[in-house]
Amino acid sequence: MADTLQDESPAERRRQKVRAAIVDAAERVFSKEGEAGLSIRRLAEEIDYSPAAIYKYFGSKEELVDELKESFFERLMTKVDGASLVSQPFRERACHSFAKYIETAIARPHHYAAAFSISADRNAAAPHHEAPGAKPFDTTHKGRAFLVIAGLIAEGQANGTFRTDMNPHLAAKSLWASMHGVALLMIQLPGFPVMVPTPDDQLSQADFIRFHTELMFSSLCKTFPETPSSRSAP
């Protein structure tokens with residue numbers, strides 16, 4: 001990465017800096033006004049640029065939202081992939097990776113909302129290869145983040161931990177749905193899980209994330225291992 005930055009011309013570095021500033025401003029506007037409030041004209045007001053200047057970088061609002069989506073999943077991929085590569089036993093690595101998805105989402109809730117906005121996935125109803133101008137899924141940051149999870153499941157099947165009678169990609173989709181649901185609960189109901197206490201305890205968000213990811217891991221196993229109690233969570 002350092003060599004790449006050194007090879008860039010001053011003009012290219014300025015272009016990347018302005019592009020990043022536009023994306024940051026778009027995230028701020030999205031966080032305050034939602035997708036409906038985000039427009040090229042509104043963005044120009046936010047950063048004191050002319051709409052024409054912004055159109056040099058993004059041809060439309062939809063293109064800008066796509067960039068918000070990709071930049072979020074780039075951050076997510078970095079977090080999840082980093083967690084999957086650490087030198088820990090397989091169970092700890094897998095659970096850490098699952099937890100990173102949820103933690104990354106709730107750390108940047110408005111960016112997460114942008115990543116799953118209607119405009120960002122406006123072609124999702126059609127087969128991806130038929131979407132005009134769409135990149136192959138596995139070349140996007142979203143696709144690469146998904147493949148990290150699918151790869152962990154395949155690794156667990158290969159090392160004898162997980163059941164081998166399930167498709168790793170289908171299992172990864174199921175895990176993704178579960179992690180997405182927990183992330184949204186914590187974003188939209190900040191009091192969760194304390195607002196729904198257990199009979200003898202009140203879990204913090206960190207406690208619940210660990211418990212949930214351990215439970216997801218256990219559900220994939222050949223034999224259902226004991227899940228640590230909430231009291232053993234950090």
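Arg28, Glu33, Arg42 and Glu46 are joined in a network of salt bridges, a salt bridge being a side-chain nitrogen of Lys or Arg within 4 Å of a carboxyl oxygen of Asp or Glu. The model is predicted, so that local features need pLDDT of at least 70 and side-chain atom pairs count only at pLDDT 80 or more, whereas totals for chains, interfaces and linings use all residues. Residues are numbered from 1 along each chain as its sequence is written, and side-chain values use heavy atoms, with hydrogens and water left out.

The axes of α2 and helix α3 (residues 40-47) come within 10 Å and cross at roughly 125 degrees. Axes are lines fitted to C-alpha atoms, for helices over the stretch in contact, and angles run from 0 to 180 degrees between N-to-C directions. The two helices α2 and α3 are therefore oblique to each other, since angles under 35 degrees count as roughly parallel, over 145 as roughly antiparallel, 65 to 115 as roughly perpendicular and the rest as oblique. Helices (H or I, at least four residues) are DSSP runs, numbered from the N terminus.

The structure holds 10 salt bridges. Side chains of opposite charge can pair when their charged atoms come close. Within helix α2 (residues 10-37), Arg15 and Glu12 lie 3 residues apart, about one turn of the helix, and form a salt bridge with closest N and O atoms 3.2 Å apart. Arg15 is partly exposed, at a relative accessible area of 33%, and Glu12 is likewise partly exposed, at 25%; buried means under 20% relative accessible area, exposed over 50%, and partly exposed in between (1.4 Å probe, protein chains only).

In helix α6 (residues 90-107), Lys100 and Glu103 are also 3 residues apart, or about one helical turn, and the closest N and O atoms of their salt bridge are 3.6 Å apart. Lys100 is partly exposed at 22% relative accessibility, as is Glu103 at 32%. A further salt bridge joins the side chains of Asp165 and Arg163 (3.0 Å, N to O). Here Asp165 is exposed, at 59% relative accessibility, whereas Arg163 is partly exposed, at 33%.
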